[in-house]
Amino acid sequence: MPETVTITDNRTGQTVDIPIENGSIDMKAIQKLMPGTWVLDPAFGGTASTESAITDLDGANGILRYRGYPIEQLAEHSTFLEVCYLLLNGELPNQEQTDSWVHDVTYHTFIHENMRKRFMEGFNHDAHPMGMLMSAIAALSTFYPEAKDIEDPGNRYKQINRLISKGPTLAAMAYRASIGMPFVYPDNDLTYAENFLSMMWRVAEPQYKPDPVLAKALDVLLILHADHEQNCSTTTMRVVGSAHADPYSAVAAATGALYGPRHGGANEAVIHMLEEIGSYDNIEPFVESVKAGESRLMGFGHRVYKAYDPRARIVKEQADKVFEVTGKSPLLDMALKLEEIALNDDYFKSRNLYPNVDFYTGLIYQSMGFPLDMFTVLFTIGRMPGWLAHWQELLEQGQRISRPRQVYTGVGERAYVPIAER
Ligand code: CMC
């Protein structure tokens, strides 16, 4: 059977055979056949915007692989920094490469003092840390104007290194500013996750040493969030990157996309939802209201996964380990009950709605002491290497500027009406 599709323009009788390669057809062939006719695909539900060799996501079968390695194996054996290297370079690092990469990331964690003293202090006392982080990342571009030279791979490496190193510092800085606590400088003797927890929680102790179970859980959660192919924020990163903006500006834009409750903001929304449900007795009526279209079951459903999100399974395992240290979250039993009801209900079954990564992450973050408004900030730190790997890939592909078309549905030409006649 030929691996092609034939399209006929019935207006002209002209036909084109288009090869099906990697499960997709090249739209350029259709444009050639029917110039001025566009494919209407709002929200890109049926459009592959690029070729990519970074993350393999098979939503029907619940499979997620970074550069070919299953997420389950990476979560069990790897570290977040190793996964960053893998996403960015395509291969796991050997010992020498690991030492040099970890050294580079560890020694770029500090931030220019003006960022802390002048920039961060300018926010209102109740500023959301996600808004502060997004603005701070954009502001970094003014400290590193050489970042505009996106053609030079050495220069790109420097900016990628800085963004991965400084993300946790800016995130912790935003948190400390929001609660009126002094900023804690990075501690280069700690691992990536430990250092972040130290900048979050250290008070007067000479060195903060987080519980190893909590540091490990955080590291695993960062791995799970590290990439997820062409999701909303990564697409934003690629679109802004295609205009050849510097990486700080592109990451700030991607952070803005992640902030939304349909995307990275869902982990925070899950806790709000569980708190609003309030008690066991209210779960069934809540599920009924979801089925009636009055609300959404946050942390459920996914554009791509039509099976159980493999990340959600790993998060659940980590939750058990974390709760042994912190004590069980009072919301956990409600979440488990909600999941059980939904998984057995026809509404959710017929729509293939399963828990996604965000259903249980919020419970872990909350037990570790993170306030709700830091949850999406944690997602941002995790997603940073994915955004940067896609940005780098886009530049190496030499992709043209992203510029979709529209189907105009407004009124036709009409004459200007003076204000007195309106
Ligand atoms: N609760 C109830 N119904 C839902 C839900 C949900 N969470 N998600 C989808 N549906 C229904 C939806 O109403 C629609 O029903 P119908 O066919 O009768 O109109 C059907 O399922 C298909 O949904 P959709 O809106 O076409 O799906 P989508 O691919 O556009 O949206 C989503 C994907 C993730 C935005 C959506 O499932 C959702 O809003 N989930 C809750 C928010 C959430 O948990 N987001 C985190 C996603 S994972 C982390 C990340 O990638 O950021």
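**Group meeting: pocket, ligand shell and selected residues**

The buried residues of helix α3 are F80, L81, V83, C84, Y85, L86, L87 and L88. Buried here means under 20% relative accessible area, exposed means over 50%, and partly exposed is in between, with a 1.4 Å probe and protein chains only as cover. Helices are DSSP runs of H or I with at least four residues, strands are runs of E with at least two, and both are numbered from the N terminus. In total, eight of the ten residues of α3 are buried, and the helix is mostly covered. Just after α3 comes G90, with a positive phi of about 90°.

A word on the source. This is a predicted model, in which local features need pLDDT of at least 70 and side-chain atom pairs count only at pLDDT 80 or more, while totals for chains, interfaces and linings use all residues. Residues are numbered from 1 along each chain as its sequence is written, and side-chain values use heavy atoms, with hydrogens and water left out.

Next, the second largest pocket. Its space is about 350 Å³. A pocket is an open set of points on a 1 Å grid over the protein atoms alone, where a 1.4 Å probe fits, with protein on both sides within 12 Å along at least five of seven lines; lining residues have an atom within 4 Å of a point. Points are joined across faces, edges and corners, and the volume is the space filled by probe spheres set on them. The lining of this pocket has 23 residues, and L81, T191, Y192, A193 and D219 are the closest to the centre. L81 is also one of the buried residues of α3.

Which helices each supply at least two residues of that lining? They are α3 (80-89), α4 (95-106), α8 (192-201) and α9 (212-225). The most comes from α4, which gives five residues. By class, the lining has twelve nonpolar, seven polar and four charged residues. For the classes, Ala, Val, Leu, Ile, Met, Phe, Trp, Tyr, Cys and Pro count as nonpolar, Asp, Glu, Lys and Arg as charged, and the others, Gly among them, as polar.

Now the ligand. It is surrounded by 19 residues, the closest being H263, R296, L297, G299 and R303; to be counted as near, a residue needs a heavy atom within 4 Å. That shell divides into eight nonpolar, six polar and five charged residues.

For polar contacts, the criterion is a pair of N or O atoms within 3.5 Å; within protein, one must be able to donate a hydrogen and the other to accept it, and residues adjacent in sequence count only if both atoms are side-chain atoms. A nitrogen atom of the ligand lies 3.2 Å from a backbone N or O atom of R262. On the side-chain end, R351 places an N or O atom 3.0 Å from an oxygen atom of the ligand. For the side chain of N356, the distance from an N or O atom to a ligand oxygen is 2.9 Å. Taken alone, the ligand exposes 930 Å², of which the protein buries 72%; accessible areas come from the Shrake-Rupley method with a 1.4 Å probe, and for residues only the protein chains shown count as cover.

Backbone angles next. Most residues other than glycine have a negative phi. F44 is not a glycine, yet its phi is positive, at about 55°. F44 sits in the loop between α1 (27-33) and β3 (55-58). N352, also not a glycine, has a positive phi near 55°. The loop that holds N352 runs between α16 (346-350) and α17, and N352 is partly exposed at 28% relative accessible area.

Is T169 buried or exposed? T169 counts as buried because its relative accessibility is 0%. T169 belongs to helix α7 (residues 153-178), and its side chain reaches the backbone oxygen of T109 at 2.7 Å.

The loop between α17 (358-367) and α18 (375-397) contains M368, and D373 is in the loop between α17 and α18 too. M368 is buried at 10% relative accessibility, whereas D373 is partly exposed at 25%. From D373 to M130 there are 243 residues in sequence and 7.3 Å in space, C-alpha to C-alpha. M368 and E288 are 80 residues apart in sequence and 32 Å apart, C-alpha to C-alpha.
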